[in-house]
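Here is a walk through one protein, beginning with the whole chain and moving on to a few of its parts. Please look at the sequence and the structure before reading on.

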Amino acid sequence: MDAVTIFTTVSVMVLANGVVLANVYRDLPDSLRPAARHWQFGTLFVALGCGIFAFGAKLPLWVMVTFANCALMSGLIVYFWALQCFYGREPAARDLIVCAAATISVFLLSAVYPHFLLRVFIVSLAWLWIMGRSVRLLVSRARTDPSHSRLMLIALYGVAILYVTLRFALYTRIDLPSDFTAATGNYVINLVSPIIMALLPAIGTTAFVLMCTDHVRRQLEAAASTDYLTGLPNRRFLVKQGEARFSRARQQKSGFAAAILDLDGFKSINDGHGHDAGDAVLVQVAARLRQAARPGDLIARSGGEEFVVLLDGLTEAAAFDAIERMRLAVAAEPIRFDNAVLTATASIGVAAVSPADRSFEDMLRRADRALYRAKDTGKNRVILAAAA
């Protein structure tokens, strides 16, 4: 099999992947469609470049290599734009400057001053620059995107980068004519080139689709675990985290506390000013709790006007002090809604983990009883739960 046949096969395969992505596109949420559209266009550019190499033998050399390389570099840039869109960044048209400069260089070094090695050097630099930026972006998202498909894309880019580097190094050791191209003859390196070019549009498209699928799955999981109004974790997530933290504290014999916070007189706010005012109070209280919390503390809305705070690594006394700061933060300033000035205070019960606690629910029950004592003894205060 010669290079032309392989380029032809790759072109057809890449176009087929473009069709698959076009079908998947319709099922993606609106937020991911710009990224998918860019990836689709990148795939079409790569297919075009491979097609020119496959069927451009009868064209003048400078026409074939100039337009083929321009299409391939454009495809890599549009792939990079797809990744930027996927991660919420705005693509910049200035990236095309590199493609334009490299394309002009290819034209000059094939039509005016034929020099194959210098032409490959410039194209290789452009490819490495574009792919290197893509890898850097993917690597930088390790914390926010733990998907295996992201790692797959990094690996594919890594293989392509390694190949481009090795290809240029090999070309420097081979005596080649000035009219040599990537589709010339049956050199082994030329037989490998189209296969490498197919990695991103073929396998890479699969990885990109999986990235989109993982992203949608994480969004659905987050929506199922998040309170729609405050953006805090909901009770479902709270119970899951509470059980995990309780087990860890028992195993490591470390401090752990849970606090239940209930807003005082919240019903009168809803009755006197409407549910929109009540919602505004809940949102503001959630924001104040976040601001007063330590890194790693979990604040959840467990329902209605009730919040739960989980504190790792604190003794009972330290947990009391931390929750007292949150109580003061809630009541620090009035909350303004339209023309009304609303006051928010909270009664709070705190329970530190006890050897007698058999589960996280046991801790919550003790904290809840302490909360009712806080309500009964004057409200707007923190009460420690009695030992189990």
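A residue counts as buried under 20% relative accessible area, as exposed over 50%, and as partly exposed in between, with a 1.4 Å probe and protein chains only. By that rule, 48% of the 388 residues of the protein are buried. This is a predicted model, in which local features need pLDDT of at least 70 and side-chain atom pairs count only at pLDDT 80 or more, while totals for chains, interfaces and linings use all residues. Residues are numbered from 1 along each chain as its sequence is written, and side-chain values use heavy atoms, with hydrogens and water left out.

The accessible surface of the protein is about 18,800 Å², and 61% of this belongs to carbon and sulfur atoms; such areas come from the Shrake-Rupley method with a 1.4 Å probe, and for residues only the protein chains shown count as cover. The protein has 13 helices and seven strands. These are DSSP runs numbered from the N terminus, helices being H or I of at least four residues and strands E of at least two. Contact means heavy atoms within 4.5 Å. Among contacts between residues at least 6 apart in sequence, 71% join residues at least 24 apart.

Leaving aside neighbours within four places in sequence, arginine 250 is in contact with Val353, Ser354, Pro355 and Asp357. Arginine 250 has a relative accessible area of 37%, so it is partly exposed.

Next, a pair of helices. Two packed helices are described by the angle between their axes and the distance between the axes. The axes of α10 (residues 266-273) and α11 (residues 275-292) come within 6 Å and cross at roughly 140°. Axes are lines fitted to C-alpha atoms, for helices over the stretch in contact, and angles run from 0 to 180 degrees between N-to-C directions. Angles under 35 degrees count as roughly parallel, over 145 as roughly antiparallel, 65 to 115 as roughly perpendicular and the rest as oblique; α10 and α11 are therefore oblique to each other. Phe266, Ile269, Asn270 and His273 of α10 meet His275, Ala277, Gly278, Val281 and Leu282 of α11 in this contact.

The structure holds zero disulfides, a disulfide being a pair of cysteine sulfur atoms within 2.5 Å. The sulfur of cysteine 99 has its closest cysteine sulfur in cysteine 70, at 4.3 Å, too far for a bond. Cysteine 99 is buried, with a relative accessible area of 5%.
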